[in-house]
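User: I would like to go through a structure with you. Could we take it topic by topic?

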Amino acid sequence: MADNGEEDHEHRIKEGDHVVLKRGGIFKAVQIQPKKKLIFEKQWFFLDKAVGHLYGTAFEIASGGELQPQAAKNTENPPDTKEAGTDNRNIVDDGKSQKLTQDDIETLKEQGLKGQEIVQQLIENSSTFRDKTGYAQDKYIKKKKKKYENTVEILKPSCRILAMMYHGREPGKICHLRYDTLAQVLTLANIHAGSKVLVFETCAGLVLGSVMERMGGYGSVINMYAGVGPVRMGVESFGFPAHFHETLTDFPICNVNALLKGNLDTAAKDATAGMLCNFIILSFLVRWFQAQEKKMKLEEKRKKLAAAAALLEDRDADGLVIASRFHPCPVVLGLLKFLSPSRPFVVYSQYKEPLIECFTKLKEQGGTVNLRLTDTWTRHYQVLPNRTHPVLQMSGGGGYLLSGTTIATHTSKPAAPQQTDEPAPKRPKLENTEG
């Protein structure tokens, strides 16, 4: 059956795409550029030959760093692994059981032997392999395949894959946000296409990109950032089309109080604009052009700030997502004022103490219902014949989530007491008892 080019176009690797490389449980986000040398897990290669193939294809790294699609394997284990011992008590790991030296293995690589063939050579030259139990043999083969099979898989970026990548390599960058917790954040915040969502995060742009992916390029996302400018590293790794970025606006969180008070000045000019005259007088044309370029950037930044302020002034946002290393209380209390009534909000924190304090203040202040403080505990399981058990190495915790729903806080004046048609009871007259 011939492939439909139009349907497969989105699922095929193209030049300039942002992709995720996978080898075992290790991930790395890169961009496909012609003749660019990449180093991944101590292997160097080029991605030029991967263009045109489907996402999820596994490639073998050939000589010269070229990628070749990996052929389908007929069997998982080599044919000479049927004999096995009953136990491993008599096996001594003294480093002398393997007859092949490292120089011999390098010679085999130079001869053009692939990883599977090298693993087979290691099995045949091991004096203790057939004495091991079947489980130990499978473990040995898996370990050698990981070391000598030069394969890499190219995946399409998604919030789950990127969350696993960051959590496995640099969990501190994303505040130790695990992918299952991120899924709960997106669900509890009711992220969907066509909504207006406020996002404040310090997770390298991972949460912001996940929200944009869930919205599918429809709606508006207001990114509240702290510092000089927003961090977009995680957003760029998604490789969104251009129309996705049209839905994104940035607003500095330091201007929230000024916007709430109504005295935000979006027409502020740069203090260095007055230096242009000095530059012209001194005939420093280079500096003058640099100043002009800076002025244009400031003007563009001012327009973006005014557009974001216009979106926030309506105070009709449909959701709020907070995941940062800062204390959440002042952020939550300030940003909740921009949400419409009956809208969800979610706050993530690596620690529960800040969320407990935030929970208490929201209860005292009012304006929210259905407040819930939860934590997530998950564990992976190895599922194999006669050896299914929990994976020993696992993440200790997935952080804590505070979620709730906003309500209207406008209170009406107390109604006057209702008047009834019944007459007021009369006071009984006192009878004159004097005789």
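User: Is F326 buried, partly exposed or exposed?
Analyst: F326 is partly exposed, with a relative accessible area of 38%. Buried stands for under 20% relative accessible area, exposed for over 50%, and partly exposed for the range in between, with a 1.4 Å probe and protein chains only. This is a predicted model, in which local features need pLDDT of at least 70 and side-chain atom pairs count only at pLDDT 80 or more, while totals for chains, interfaces and linings use all residues. Residues are numbered from 1 along each chain as its sequence is written, and side-chain values use heavy atoms, with hydrogens and water left out.

User: Which ring pairs with that of F326, and why is the pair stacked?
Analyst: The partner is F200: the ring centres are 6.2 Å apart and the planes are at 25 degrees, so the pair is stacked. Rings of Phe, Tyr and Trp (its six-membered ring) pair if their centres lie within 6.5 Å; planes under 30 degrees apart are stacked, over 60 edge-to-face, and the rest tilted.

User: How many aromatic pairs does the structure hold?
Analyst: There are 5 aromatic pairs. One of them joins F240 and F244, stacked at 4.9 Å centre to centre with 5 degrees between the planes. F240 is buried at 14% relative accessibility, and F244 is buried at 10%.

User: Which residue lies over the face of W44?
Analyst: That is K37, at 4.6 Å from the ring centre. The criterion is NZ of Lys or CZ of Arg within 6 Å of the ring centre and within 35 degrees of the ring normal.

User: Changing topic: in what order do the strands of the open sheet come?
Analyst: The order is β2-β1-β7-β5-β6, 5 strands with antiparallel pairing. Its edge strands, β2 (26–31) and β6 (67–69), each pair on one side only. Two strands pair if DSSP finds at least two bridges between them. On average, neighbouring strands of this sheet are turned by 35 degrees against each other, direction ignored.

User: How many bridges join β1 to β2?
Analyst: Strand β1 (residues 18–23) is joined to β2 by 6 bridges, and the two run antiparallel. In β2, K28 is the bridge partner of L21.

User: Which helix packs on the sheet?
Analyst: Helix α5 (residues 159–169) does, touching β1, β2 and β7 (151–155), and its direction makes about 115 degrees with that of β2. Contact is defined as heavy atoms within 4.5 Å. Axes are lines fitted to C-alpha atoms, for helices over the stretch in contact, and angles run from 0 to 180 degrees between N-to-C directions.

User: Which residues of α5 are buried?
Analyst: They are C159, I161, L162, A163, M165 and Y166. The buried residues of α5 pack against β1, β2, β7, α6, α7 and α8 (233–238).

User: At what angle do α5 and α7 pack?
Analyst: Helix α7 (residues 206–215) packs with α5 at about 170 degrees, with the axes 10 Å apart. That makes α5 roughly antiparallel to α7; angles under 35 degrees count as roughly parallel, over 145 as roughly antiparallel, 65 to 115 as roughly perpendicular and the rest as oblique. C159, L162 and A163 of α5 make the contact with L206, S210 and E213 of α7.

User: Why is β12 called largely enclosed?
Analyst: In strand β12 (residues 344–349), 6 of the 6 residues are buried, so the strand is largely enclosed by the rest of the structure. P344, V346 and Y348 lie on one side and F345, V347 and S349 on the other. β12 pairs with β11 in the parallel sense over 4 bridges, and I322 stands opposite V347.

User: Finally, what is the phi of K42?
Analyst: K42 has a positive phi of about 65 degrees, although it is not a glycine. K42 lies in the loop between β3 (37–40) and β4 (43–46) and is exposed, at 83% relative accessibility.
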